Each structure stands twice: as structure tokens, then as C-alpha cells.
Amino acid sequence: MTTWLREETPHDMFRFLREGDEGRHQTARVTADGAAWLASAAGGRGSALARWEARPASPATLPCGTAFDVVNVDPVFGRRMLDKLWTEGPGSGPVAVHRGRTMLFAAPGTAQRLPALLDWEEWGDAVPRPLCHGLGDAVTVPPLAPSGSAGPRWLVAPDTRHPWLPGPEVVLWACVRAVRAASADVRVSIFPPADPGANVYDVSRRR
């Protein structure tokens with residue numbers, strides 16, 4: 001279930017990633033532990049790691065539903081969700097960008113539950129409908145190492161073997177907060193625009 005192909009001269013992927021981690025922390029860089037977590041999604045962990053050794057700078061296709069689900073949203077709305085998650089909420093799990101969409105990695109089961117929660121939520125109709133990838137689906141994940149190309153890339157790369165992943169309730173919370181924030185930017189008045197030439201009187205001083 002991966003697009004990586006083994007080459008004749010593979011290198012030590014974990015050494016490559018660990019050397020890149022020394023002395024610095026990069027949000028968009030996958031660590032060795034993060035790579036192991038991604039590999040666990042493929043089931044056959046050994047074969048997935050062997051393929052990663054060959055081409056760490058290439059994207060891959062991984063199945064959803066076991067290690068993670070993915071909530072795929074409009075990029076502008078996704079940025080608003082991330083802003084709310086990090087400024088007012090518990091933060092996010094790994095986040096990637098692919099083909100102009102924001103991909104939020106979520107807890108397994110989120111893809112099945114989130115659409116129903118949106119249907120019940122008062123603000124649900126105002127949320128740009130996300131694409132939810134769960135059991136039986138597969139997604140393209142960015143390379144382990146930043147390639148500098150126009151392909152998929154990490155905004156928040158996995159850096160641990162057991163990353164925290166938001167569940168459907170947390171994702172719903174972020175969706176609603178993002179919608180409310182966008183609505184607050186548009187001021188709606190029940191009164192018609194004022195006439196620039198009209199006389200204005202200060203009635204606050206009337207007795």
C-alpha cells in the first residue's frame with residue numbers, strides 16, 4: 001500500500017532522520033519516531049521501512065483507519081481550524097498540505113463520526129463540507145524529508161511513535177470555532193446605511 005519502490009542502494013533511513021534532528025527542531029521535518037508511526041499504518045512495518053530507506057524524499061500512499069484517519073478541508077478554512085486548535089484548543093496532530101487541500105490527521109473513527117456530528121450541529125451547514133478518509137481509504141502523505149518541490153508537504157510533521165490525534169468532537173469544535181470567527185468578520189446591521197447629508201443630533205444629552 002505504498003508508492004515507494006526499493007532501489008539498489010538503500011541507506012539507513014533512521015540514521016538519516018536522526019542526523020537531521022540533531023541540534024534543531026523543525027515542525028515540517030519528520031523524525032525517526034514519526035516515520036515509525038507512519039510505517040505502522042501500512043501494516044507490514046518492516047517492508048514499509050525498507051521502502052522508506054530507498055526513497056525518503058518521495059511521497060507515499062498509506063491506508064487510513066488503523067493508525068489514523070484524515071480530515072481533508074479547504075485550505076483557508078483549514079488554516080482557521082488550525083489557528084483555533086492552537087490558540088484556544090488542545091493543538092493538533094500531524095497536518096499536511098496536498099493538491100491545495102489541508103489534511104488533518106485525526107484519531108481512527110473520526111471519518112465515520114464527524115459527518116453525523118456536523119449534521120446535528122447548529123452551525124454544521126455553514127462548515128465547508130470536509131472529505132473524510134477512514135477505514136478502506138488511502139491518502140498520499142508527504143515525503144519524510146522536505147524535498148522543496150511543489151508536491152505534498154508537512155505543516156506539522158509527526159515526531160513521535162504515539163502522536164496525539166484529535167477525535168471527532170475536537171475536530172467538530174475546531175470547525176464551529178472557525179465558522180464563528182469567519183462570521184464575526186462580517187458585520188451585519190438591521191439599519192440602513194446613514195445618509196451622509198443628514199443632520200445628526202446628539203440625543204444622549206436630552207432630559
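In this talk, a residue is called buried when its relative accessible area is under 20%, exposed when that area is over 50%, and partly exposed in between, using a 1.4 Å probe and protein chains only. The model is predicted, so local features need pLDDT of at least 70 and side-chain atom pairs count only at pLDDT 80 or more, while totals for chains, interfaces and linings use all residues. Residues are numbered from 1 along each chain as its sequence is written, and side-chain values use heavy atoms, with hydrogens and water left out.

I turn to the salt bridges, each a side-chain nitrogen of Lys or Arg within 4 Å of a carboxyl oxygen of Asp or Glu. The structure holds 3 of them.

One joins R161 to D33, with the closest N and O atoms 3.2 Å apart. This pair links distant parts of the chain, 128 residues apart: D33 belongs to helix α2 (residues 32–40), and R161 to the loop between β7 (153–156) and α6 (168–184). Helices (H or I, at least four residues) and strands (E, at least two) are DSSP runs, numbered from the N terminus. R161 counts as partly exposed because its relative accessibility is 37%; D33, at 33%, is likewise partly exposed.

A further bridge pairs D119 with R129 at 2.7 Å, N to O. D119 is exposed, at 57% relative accessibility, whereas R129 is partly exposed, at 44%.

Finally, E88 and K84 form a salt bridge, their closest N and O atoms being 3.1 Å apart. Here E88 is partly exposed at 49%, but K84 is buried, with a relative accessible area of 15%.
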